[in-house]
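The report below describes a single protein chain and is meant to be read beside its sequence and coordinates.

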Amino acid sequence: LVPPAAAAEPRAKEASVQTRFRESEAQTDPYTPDYYVPAGRPEPEVLLLESLTHENGLPVGMREVHMIEYAREKRRLEDALPPFTDEASLLLRKKLMEVQEMREFDLRNQEMDNARDQRIGMLRKAILDRDQGNEFLAEQRIEALRQRKLEERDNKLAKIQAKRVKVLRKLTKQREALRLPGAPARAGKRQGHPSGGGGGGRDIIA
């Protein structure tokens, strides 16, 4: 028996591989609304908190409570607006909307004033902190200068004292060198009384 001849393998070939992974980028997510309100039903009030996020309205404070109450009043006003049936209803609707717009305008002005006052307060606090820091640095510089001057004074006093001791020692040596050899340290002589009396004289030690 003769084995079959081996077929020559081509230099290039195609191969396919199937894995359990998939390309997530190729998968599309269809649009889904954040919430759905059935037709004919009023919009729930909880949606008033939709725009609030952490540190931007949450946790809820007094400002957010006032905004929620204002949104409720605005919704009640919009529900109470007359329909577009006649000219009188149109004029009344226009007047009510103008009043509402003025209220919103005043509310925005008040919010801007509050934000401005808050920024001014922060600037004042920053300026006060800066002034206190500058005052502290100035006190530190003055204290360092005082300590340096005291140290210089002590050094000068020490030098003067050392020089004084040196001069005193030099004078003492010169005084000892001027004394005669063998002479007593102090010599006394007797002098008579200026009036000439012998008994009334006294010894004067020079």
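Which residues are exposed on the other side of H1? They are Met62, His66, Arg76 and Ala80, where exposed stands for over 50% relative accessible area, buried for under 20% and partly exposed for the range in between, with a 1.4 Å probe and protein chains only.

The model is predicted, so that local features need pLDDT of at least 70 and side-chain atom pairs count only at pLDDT 80 or more, whereas totals for chains, interfaces and linings use all residues. Residues are numbered from 1 along each chain as its sequence is written, and side-chain values use heavy atoms, with hydrogens and water left out.

The chain holds 2 helices and 4 strands, in the order β-β-α-α-β-β along the sequence; these are DSSP runs numbered from the N terminus, helices (H or I) having at least four residues and strands (E) at least two.

In H1, Glu64, Ile68 and Tyr70 are buried. They lie on the same side of H1 because they cover an arc of only 165° around the axis, taken from the directions from the helix axis to the C-beta atoms. Among the elements that cover these buried residues of H1 are strand E2 (57-58) and helix H2 (87-178).

| Property of the chain | Value |
|---|---|
| Buried share of the 206 residues | 5% |
| Average pLDDT | 80 |
| Residues with pLDDT of at least 70 | 80% |

The pLDDT, which is the predictor's confidence in each residue from 0 to 100, stays under 50 over residues 187-206.

Terms used:
Contact means heavy atoms within 4.5 Å.
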